[in-house]
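Here are some notes for a colleague who is opening this structure for the first time. They are set out as numbered points, each of which can be followed in the viewer.

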Amino acid sequence: QVQLEESGGGLVQPGGSLRLSCSASGSTYMIERMGWYRQRPGKEREVVASMWNSGDTNYDLSARGRFTVSRDYDKNTVFLQMTNLRPLDTAVYYCNAQGTPYGISMNWWGKGTLVTVSA
């Protein structure tokens, strides 16, 4: 199994920046993709950005141009650099890892870190 632990959430003013980190441990060889989801108050969990082991990335439209996902493969860590934050970015941000060990699709989740964008 894979364990994920996020850090870096907090309170930031509109227009500000924040960097989230997520470290993976355990059977990290199973990971094919790491990224970030978020759940805004009263909304479903939604994908924000992800990065494959190949380096290919995917971004939600709301994140493009403002957020950057990156990985440190040696440290099994994924980052989300968020800039020009807006109140609508307020959410619990969850680290996610995906893989297909033994041909079975697996998802692993962190516990989440709260990001609040407010003046």
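1. In this predicted model, R71 touches I31, E32, R33, M34, M51, W52, N53, T77 and V78, if residues up to four places away in sequence are left out of the list. The residue itself belongs to strand β7, which covers residues 67-72.

2. What does the side chain of R71 reach within these surroundings? The side chain of R71 comes to 3.0 Å from the backbone oxygen of M51, and a polar contact of 2.8 Å joins the side chain of R71 to that of N53.

3. R71 is also a charged residue that is buried and yet takes part in no salt bridge, since its nearest side chain of opposite charge, that of D72, lies 8.7 Å away, whereas a salt bridge requires a nitrogen and a carboxyl oxygen within 4 Å.

4. Turning to salt bridges, the count for the model comes to four. E46 takes part with two arginines: its side chain meets that of R38 at 2.9 Å, N to O, and R40 forms a salt bridge with E46 in which the closest N and O atoms are 3.0 Å apart.

5. Another salt bridge is formed by D89 and R66, whose closest N and O atoms are 2.7 Å apart. Through salt bridges that share partners, R38, R40, E46, R66 and D89 are joined into one network.

6. How many aromatic pairs does the model contain? The count comes to one. The ring centres of Y37 and W109 lie 4.9 Å apart and the ring planes stand at 75 degrees, so the pair is classed as edge-to-face. The pair connects distant parts of the chain, with Y37 in strand β4 (residues 33-39) and W109 in strand β10 (residues 106-109), 72 residues apart. Y37 counts as buried because its relative accessibility is 19%, which is under the 20% limit, whereas W109, with a relative accessible area of 35%, is partly exposed.

7. The ring of W109 also has a charge over it, as the charged end of R45 sits 4.5 Å from the ring centre. An arrangement of this kind is found at F79 too, where R19 lies over the face of the ring at 4.0 Å from its centre.

8. Is S54 buried or exposed? With a relative accessible area of 59%, S54 is exposed. A polar atom of its side chain lies 3.3 Å from the backbone nitrogen of D56. S54 and R33 are 21 residues apart in sequence, and their C-alpha atoms are 8.8 Å apart in space.

Technical notes:
Residues are numbered from 1 along each chain as its sequence is written. This is a predicted model: local features need pLDDT of at least 70, side-chain atom pairs count only at pLDDT 80 or more; totals for chains, interfaces and linings use all residues. Side-chain values use heavy atoms; hydrogens and water are left out. Helices (H or I, at least four residues) and strands (E, at least two) are DSSP runs, numbered from the N terminus. Buried means under 20% relative accessible area, exposed over 50%, partly exposed in between (1.4 Å probe, protein chains only). Lys and Arg count as positive and Asp and Glu as negative; His and the chain ends are not counted. A polar contact is a pair of N or O atoms within 3.5 Å; within protein, one must be able to donate a hydrogen and the other to accept it, and residues adjacent in sequence count only if both atoms are side-chain atoms. Contact means heavy atoms within 4.5 Å. Rings of Phe, Tyr and Trp (its six-membered ring) pair if their centres lie within 6.5 Å; planes under 30 degrees apart count as stacked, over 60 as edge-to-face and the rest as tilted. A charge sits over a ring if NZ of Lys or CZ of Arg is within 6 Å of the ring centre and within 35 degrees of the ring normal.
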